[in-house]
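Subject: The structure to look at, and what turned up in it

Hello,

Here is the structure I promised you. Please open it beside this email and follow along as you read.

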Amino acid sequence: MRIDVVSIFPEYLAPLELSLIGKARQDGLLDLKVHDLRDFTTDRHRTVDDTPYGGGAGMVMKPEPWAQALTAVAAGRSEDAGDARAASDAGAAGPPGSAGKPVLIVPSPAGERFTQATAHELAEEDQLVFACGRYEGIDERVLEWASEHFTVRPMSLGDYVLNGGEVAVLAMVEAIGRLLPGVVGNPESLVEESHSDGLLEYPVYTKPSSWRDRDVPAVLLSGNHGKIAQWRRHEQYRRTAERRPDLLVEFDAGKLPRADRTAFSDLGYDVVDGRLLRRPDA
Ligand code: ADE
């Protein structure tokens, strides 16, 4: 997979050189380049922002540098921003046509919610471009123009406001990158983790079996794999009901074994038409 990140703070993306993502880049599983938006400005001051039309607080990111940068990274496949800039200037880099449009992800609190399902979806793409906005955001016309050449997806990490898109990109690239084949050593660990089946993960324990008067649940020491699997599933239900009941609305309860229905009943949920319904008295 190819990933390009455009930002006015390229140093912010340095953690993408570390750990699993850094290794994936070294191993050639992920071709990730970070570009400085200011390299695509034409004035002496390398200006990327201006005052908002209509007034109001803050500054808005100017369209021209973004158009230059996005055109270059979409077509350039270049080693660095300098090459991308040259490709853009040469006009060789009209963004690619409809076939295999790259996905342009614009982190924004006004975007659609980024979830594990989104991460899986995006992990199937050939090329992702992340456009990190700062200040009050990017001139809206950039997104309109870009939609002719990219599949544009404004994406939010959650209902809170960050100072810019960089931190959101770190999170999204990690979530997507770890799903690429070969990035996580043991692919089994991707199966049994929070959100992989619409539920939160069960609690985990390691040695010693007794620590500060607290014992590991006995079933985990029993060697009975069927019982352990059932206990873990029921812990997932309990945790999800307690911490993220909103997730249970979407949960497919149609084929649950009797013991699992009982577990949900104990948590105050009945199965009705394959869906979980919270009992009013629960
Ligand atoms: N930029 C600012 N806030 C953000 C958020 N919540 N998610 C993604 N990008 C953002």
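Predicted model: local features only at pLDDT ≥ 70, side-chain atom pairs only at ≥ 80, totals over all residues.

Residues are numbered from 1 along each chain as its sequence is written, and side-chain values use heavy atoms, with hydrogens and water left out.

**The ligand**

Which residues are around the ligand? They are Pro 107, Ser 108, Pro 109, Met 155, Ser 156, Leu 157, Gly 158, Tyr 160, Val 161, Leu 162, Gly 164 and Ala 168. By type, the shell divides into eight nonpolar, four polar and no charged residues. In this scheme Ala, Val, Leu, Ile, Met, Phe, Trp, Tyr, Cys and Pro are nonpolar, Asp, Glu, Lys and Arg are charged, and the others, Gly among them, are polar.

Now look at the nitrogen atoms of the ligand. One lies 2.7 Å from a backbone N or O atom of Tyr 160. For Ser 108, the distance from a polar backbone atom to a ligand nitrogen is 3.1 Å, and for Leu 162 the corresponding value is 3.0 Å. A polar contact is a pair of N or O atoms within 3.5 Å; within protein, one must be able to donate a hydrogen and the other to accept it, and residues adjacent in sequence count only if both atoms are side-chain atoms.

On its own, the ligand has 260 Å² of accessible area, and the protein covers 96% of it. Such areas come from the Shrake-Rupley method with a 1.4 Å probe; for residues, only the protein chains shown count as cover. Two elements, β5 (103–113) and β7 (151–156), each give two or more residues to the shell, and β5 supplies the largest share, three residues. Helices (H or I, at least four residues) and strands (E, at least two) are DSSP runs, numbered from the N terminus.

Tyr 160 itself sits in the loop between β7 and α6. With 44% relative accessibility, Tyr 160 counts as partly exposed. The cut-offs are under 20% relative accessible area for buried, over 50% for exposed, and partly exposed in between (1.4 Å probe, protein chains only).

**Helix α1**

In α1 (residues 19–26), Ile 21, Gly 22 and Ala 24 are buried. Why do the buried residues line one face of the helix? Seen down the axis of α1, they fall within an arc of 160°, so they share that face. The arc is that of the directions from the helix axis to the C-beta atoms. The cover over these residues includes α6 (166–177), where contact means heavy atoms within 4.5 Å. On the face turned away from the buried side you will find the exposed residues Ser 19 and Gln 26. Ser 19 also has a positive phi of about 55°, although it is not a glycine. After the helix comes Gly 28, with a positive phi near 80°.

**Helix α10**

Asp 260, Ala 263 and Phe 264 are buried in α10. They cover an arc of only 95° around the axis, which puts them on the same side of α10. The exposed residues Arg 258 and Asp 266 are on the face turned away from that side. Among the elements covering the buried residues are α8 (225–243) and β10 (269–272).

Take a closer look at Asp 260, a residue with 0% relative accessibility. Its side chain makes a polar contact of 2.7 Å with the side chain of Arg 233. Not counting residues up to four places away in sequence, Asp 260 touches Arg 233, His 234 and Tyr 237.

**Loops and backbone details**

Thr 41 lies in the loop between β2 (31–36) and β3 (49–50), and counts as buried at 9% relative accessibility. A polar atom of the Thr 41 side chain is 2.7 Å from the backbone oxygen of Arg 38. Arg 46 is also in the loop between β2 and β3; its phi is positive, near 55°, in a residue other than glycine. Finally, a cis peptide bond joins Lys 207 and Pro 208, with omega about 5°.

Happy exploring!

Definitions and conventions:
Near = heavy atom within 4 Å.
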